[in-house]
Every structure is written in C-alpha cells, then in structure tokens.
Amino acid sequence: MHSIETRESMRKSRSQIHDSSSFHARQSNPRRIYQVWKGNNKFCCGGRVILGPDASSLFLTSFLIGCPAIAFCIKMALHMKPQDTIFSHQILLGGLVLTVLDLGFLFLTSFGDPGIIPRNAKPPEECLEDDEVSKSTSFDWANGKPNSLRLPRLKEVKLVTGETVQVKFCETCLLYRTPRASHCSICNNCVQRFDHHCPWVGQCIGERNYSFFFCFISSSTTLCIYVFTCSWVNILRQDCSFWTAVSRDVLSVILILYCFIVVWFVGGLTVFHFYLISTNQTTYESFRYRYDRKTNPFNKGILSNFRQVFLSRIPPSLVNFRAWISEDDDRLSVNGDNPDVEMGVPKLLQKIDFDDFDSNDKTKFDIA
C-alpha cells in the first residue's frame with residue numbers, strides 16, 4: 001500500500017515538473033526577429049523577402065509594365081514572316097530583354113532591405129540625463145498644452161572628410177540617426193540615406209536599393225521609348241496609306257498613346273534622379289532645400305558621385321531578420337507607435353530650420 005502511494009506521488013511530481021517546464025518553454029518561446037518586428041513591413045519566405053506595408057501596389061506596377069510589353073512582343077512574334085530580315089528578330093529580342101530587365105530591377109528594389117536601422121529598446125543614457133532639459137524647450141505656446149512638443153535632440157557628427165553635420169534623435173527608434181538617415185512614417189523605420197518612400201514599388205528607397213531603383217526607372221523609360229518607336233515603325237512600313245495602316249493596326253496605336261503618356265512620368269523621374277545623383281542629394285534633402293543655404297558636404301563631383309552610387313559595394317543589412325529572439329528579450333519592449341518628432345511638428349513651426357539649431361549638449365564622434 002505504501003509503495004502504491006509512493007508511485008502516485010512520483011507521477012504527480014513528474015507531471016508537475018513537465019507542466020512547469022512546458023509553461024516556461026511557452027513563456028520563452030523563441031521567434032525570429034521578423035515575426036516580432038515593430039515596423040510596418042511585410043515579410044515573405046521566412047523573412048528573406050522584405051516588403052513595405054503597401055506592397056500590393058507592386059502588382060499594379062507589374063501589370064502596367066508587363067501587359068503592354070508582353071502584348072508588343074506577342075504582336076511582333078505573330079506578325080513575323082519568314083521573309084523578314086534578322087532586324088525583325090532583333091526587335092523582338094530587344095523587347096524581351098528590356099521587359100525582363102525592367103521587371104527584374106523592380107523586384108530587386110521592392111524585395112530587399114532598403115537600409116533599415118535596428119531600433120533600440122531603451123534610449124541612450126545621455127538622452128535620459130537630458131530629458132528634463134529637453135522638456136523645458138517645448139513650445140507650450142504653440143498649442144496650449146505643456147510639454148506636448150519638444151525640439152528634436154541634436155548631435156554633431158564628424159565625417160571622414162572632416163566636415164561636421166548634425167543628426168537628430170528618433171523618438172520612435174530611440175537612437176541618433178546616422179547622417180542622411182530619416183524615419184519613414186509609412187514603414188515606421190529609420191532608413192540609411194533615406195531618399196523617399198515609393199508607392200509604386202511599395203518600399204522605401206534608401207542606401208541599399210537606390211541603385212536598383214534608378215536602374216528600374218531608367219529601364220522603364222528606355223522600354224517606353226523602344227515600344228513607342230517600334231510601334232511607329234510597324235505602322236509606317238505597311239504598304240498602304242497612313243490612315244488605312246492605323247485602322248488595321250489598332251494595337252500599335254494603343255501602344256503609341258500609352259507609351260507617350262507614361263514616358264513623361266518615368267522619363268521626368270529619371271532626369272530628376274540623374275540630377276540628384278550628379279549633385280549627391282536625396283529626394284528628401286532636395287524637397288527640404290537642405291543645401292540651398294549651405295554647401296553639400298557629400299558632393300564629391302559628378303564622376304565620384306556616380307561611382308559612389310553604381311560602383312560602390314552595397315553595404316550589408318544591419319538587421320538579420322531571420323535571427324532567433326526570445327519573447328522575454330528586451331528588444332521586444334520597443335513601442336513602435338510613438339510618433340516621430342518630425343512628423344508631429346505643427347504647421348506654425350515647420351518653417352523653423354532645425355538643422356541650424358544648436359543644442360546645448362553636443363557630442364562629436366567619427367563615422368567611417
């Protein structure tokens with residue numbers, strides 16, 4: 001009888017140990033970083049593909065590129081006659097190559113990490129020490145609410161070239177941004193060399209995908225001009241009057257009108273970014289007139305600027321989204337819903353040049 005009671009007590013103790021261990025396992029269940037990421041990104045293929053929150057627009061962009069291009073290639077293939085010269089085959093091959101390149105650069109731009117900066121779980125100690133000072137600089141008179149808005153914390157950064165620039169503290173990511181980085185309100189991430197958030201590719205354009213983006217818009221422009229020109233050739237080479245040829249080849253007329261409209265958009269965008277690369281500016285800096293009143297410290301000349309964009313090695317991603325992380329890790333305590341200071345500036349204060357604001361506590365450090 002005593003042995004039976006002993007066995008039952010041992011079974012209960014084992015079950016209790018098993019239950020407590022399983023409960024602890026559930027509490028510290030490891031997950032990958034992309035599964036708990038506080039940004040608004042969408043992830044596919046186990047975190048290998050990184051998309052923006054508006055990634056669905058990628059289907060529309062692919063449709064607007066692929067449908068007319070494929071229709072042009074099918075038309076050239078179906079109307080190709082045995083007596084046609086090799087020139088006709090080269091036109092078909094050129095259309096296929098440009099279409100594949102254009103869609104390839106689109107997916108390279110949209111599917112990769114644009115240069116997301118990993119956020120901190122806690123603000124730096126220097127920010128905690130200066131918290132009371134920063135609160136005292138808030139504009140209580142702007143909206144009648146005390147401490148409702150604080151001037152952004154600034155820090156001086158000394159570049160390798162010797163120039164000194166100011167960087168801001170991100171209240172969402174709890175870090176001092178690197179030079180030329182900014183916080184995207186759509187993706188809710190700080191991005192290195194932030195250019196803009198492109199709704200057509202559904203992704204931020206930053207340091208790691210800017211070259212792909214420029215190749216995408218330039219190849220789109222080339223494809224539009226190519227289809228536009230070849231469609232005119234298809235109409236003019238017919239042995240009949242012009243209006244008869246137009247009535248017979250309706251598809252070429254549609255492609256001509258479509259490419260004529262689209263080329264103004266993508267062509268103008270290509271020329272604009274060609275100018276930005278030549279002067280080593282970003283769209284964000286250009287729209288804010290960042291270098292109208294001061295010298296651009298990043299401009300190294302046209303050739304060096306183009307070499308930096310197209311011949312420099314793409315830096316590795318700062319965040320390994322497939323790395324494992326436990327649920328009780330401090331990195332999960334970051335609140336991604338805090339508004340960015342820059343996004344919360346009232347219209348009354350938007351004309352203040354915060355880049356020229358001198359903070360009381362400035363720390364210099366070198367960036368390679």
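User: Where is Asn 188 found?

Analyst: Asn 188 is found in the loop between strand 7 and strand 8 (189–191). Strands (E, at least two residues) and helices (H or I, at least four) are DSSP runs, numbered from the N terminus. The model is predicted: local features need pLDDT of at least 70, side-chain atom pairs count only at pLDDT 80 or more, and totals for chains, interfaces and linings use all residues. Residues are numbered from 1 along each chain as its sequence is written, and side-chain values use heavy atoms, with hydrogens and water left out.

User: What is the phi of Asn 188?

Analyst: Most residues other than glycine have a negative phi. Asn 188, a residue other than glycine, has a positive phi near 60°. Arg 180 is not a glycine either, and its phi is positive, at about 75°. Arg 180 is found in the loop between strand 6 (175–176) and strand 7 (182–184).

User: Do these residues count as buried or exposed: Asn 188 and Arg 180?

Analyst: Buried means under 20% relative accessible area, exposed means over 50%, and partly exposed lies in between (1.4 Å probe, protein chains only). Asn 188 counts as buried because its relative accessibility is 8%. Arg 180 also counts as buried, because its value is 14%. In the protein, buried residues make up 42% of the 368 residues.

User: Which residues does Phe 310 touch?

Analyst: Contact means heavy atoms within 4.5 Å. Not counting residues up to four places away in sequence, Phe 310 touches Ser 211, Phe 214, Cys 215 and Ile 277. Phe 310 has its place in helix 11 (residues 302–310), and it counts as partly exposed because its relative accessibility is 32%. The C-alpha atoms of Phe 310 and Phe 212 are separated by 9.1 Å, although these residues are 98 apart along the chain.

User: At what angle do helix 2 and helix 7 pack?

Analyst: Axes are lines fitted to C-alpha atoms, for helices over the stretch in contact, and angles run from 0 to 180 degrees between N-to-C directions. Helix 2 (residues 57–78) and helix 7 (residues 210–236) pack at about 35°, and their axes are 11 Å apart. The contact includes Phe 72 and Lys 75 of helix 2, and Tyr 226 and Asn 234 of helix 7. The residues of this contact divide into 9 nonpolar, 4 polar and 1 charged. Here Ala, Val, Leu, Ile, Met, Phe, Trp, Tyr, Cys and Pro count as nonpolar, Asp, Glu, Lys and Arg as charged, and the others, Gly among them, as polar.

User: Which residues does the UniProt annotation "transmembrane region" cover?

Analyst: UniProt positions are given in the numbering used here, feature names are shortened, and annotations may be inferred rather than shown by experiment. According to the unreviewed UniProt entry, the annotation covers residues 58–78, 90–111, 210–229 and 250–276. In the model, residues 58–78 are 100% helix and 0% strand, and their end C-alpha atoms lie 29 Å apart. Residues 90–111 are 100% helix and 0% strand, with end C-alpha atoms 31 Å apart.
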